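The sequence and structure are shown first.

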Amino acid sequence: MSAARVLDRIVGAVRGIYGDGSDEQSRWGQVGEVLQAALADPELRAAAGDWPTSHDRANRRYTNLLFYEDPDFGFVVNGLVKDETGRTPIHDHGHAWVAYGLLEGTETILRYRGPVGSELADGENPALEPDGRFTLAASQVDLVPPWTFHAEQAETERTVAVMVRSARVGRFAHRRFDPDTGRVYDHPGPRQIPYEL
Ligand SMILES: [Fe+2]
């Protein structure tokens with residue numbers, strides 16, 4: 001199956017899940033299963049070999065490949081490629097749910113506990129504490145609920161993520177945590193680059 005057909009399959013399944021009216025928790029559990037099944041597709045893995053790295057070092061920012069945006073439900077399908085230096089800041093995704101699937105490589109996911117982003121104002125100084133870390137291997141999905149502080153670190157020379165997000169990044173603020181100042185600040189999130197599979 002070509003990468004475009006894998007995308008069609010993800011989109012069709014996610015639209016079906018949105019249409020069946022389940023609550024958000026259940027919906028995103030199901031979206032994670034759809035994404036996990038897609039990660040096993042060899043043609044998607046092969047196509048990802050051509051995807052550009054998502055580091056935008058000049059702007060201290062990541063980019064996302066934007067494969068699809070749903071006109072009715074607003075969810076998007078993104079790609080993100082890191083090299084071995086890839087370490088995101090501590091961040092949340094605002095009100096968005098994100099199913100973060102790893103297609104290639106290995107990453108360490110770090111979680112934080114404390115006040116959630118929706119309770120914080122820009123510039124506030126929250127007592128965030130590490131709340132564990134785990135390894136995300138290729139073919140696994142990390143389901144990230146809204147307002148969940150976390151960070152992702154590449155552990156291999158190249159990592160490729162495919163994500164389903166409940167909303168397109170750039171249209172709402174994310175929260176980032178600056179460990180040097182101890183403060184959170186608003187950020188628009190990764191720059192979106194339309195990319196045809
Ligand atoms: Fe994230």
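## Helix 2

In this predicted model, helix 2 has 16 residues, which at 1.5 Å a residue should span 22 Å; its end C-alpha atoms lie 22 Å apart, so the length agrees with expectation. Its buried residues are W28, V31, G32, V34, L35, A38 and L39. Because these cover an arc of only 165° around the axis, they sit on the same side of helix 2.

## Helix 1

Helix 1 comprises 17 residues and reaches 24 Å from its first C-alpha to its last, close to the 24 Å expected at 1.5 Å a residue. The residues buried in helix 1 are A3, V6, I10, V14 and I17. Viewed down the helix axis, they fall within an arc of 60°, and therefore line one face of helix 1.

The face turned away from this buried side carries the exposed residues G12, G16 and G19. Packing partners of the buried residues of helix 1 are helix 2, helix 3, strand 3 and strand 10. After helix 1 comes G21, which has a positive phi near 75°.

## The largest nonpolar core

The largest nonpolar core contains 37 residues, of which I10, V31, L35, A99, A161, M163 and V164 touch the most other members. At least two residues of this core come from each of helix 1 (3–19), helix 2 (24–39), strand 2 (61–69), strand 3 (76–83), strand 5 (98–104), strand 8 (141–144) and strand 10 (158–165). Helix 2 makes the greatest contribution to the core, with six residues. In soluble globular proteins, nonpolar side chains tend to be buried together.

A99 illustrates the contacts made within this region. Apart from neighbours within four places in sequence, A99 is in contact with W28, V31, G32, L35, V141, L143, M163 and V164.

## Overall architecture

The protein contains three helices and 13 strands. Of its 197 residues, 34% count as buried. Among contacts with a separation of 6 or more, 78% are between residues 24 or more positions apart.

The C-alpha trace spans about 50 × 40 × 30 Å along its principal axes. A compact globule of 197 residues would have a radius of gyration near 16 Å; the protein has 16 Å, which agrees.

Notes:
Residues are numbered from 1 along each chain as its sequence is written. This is a predicted model: local features need pLDDT of at least 70, side-chain atom pairs count only at pLDDT 80 or more; totals for chains, interfaces and linings use all residues. A nonpolar core is a set of buried Ala, Val, Leu, Ile, Met, Phe, Trp, Tyr and Cys residues joined through C-beta atoms within 7 Å. A residue is buried if 20 or more other C-beta atoms lie within 10 Å of its own, exposed if 12 or fewer, and partly exposed in between; C-beta atoms are placed from the backbone. Helices (H or I, at least four residues) and strands (E, at least two) are DSSP runs, numbered from the N terminus. Two residues are in contact if their C-beta atoms, placed from the backbone, lie within 7 Å. The expected span of a helix is 1.5 Å times one less than its number of residues. The arc is that of the directions from the helix axis to the C-beta atoms. The radius of gyration is taken over C-alpha atoms; the globule rule is 2.2 Å times the number of residues to the power 0.38.
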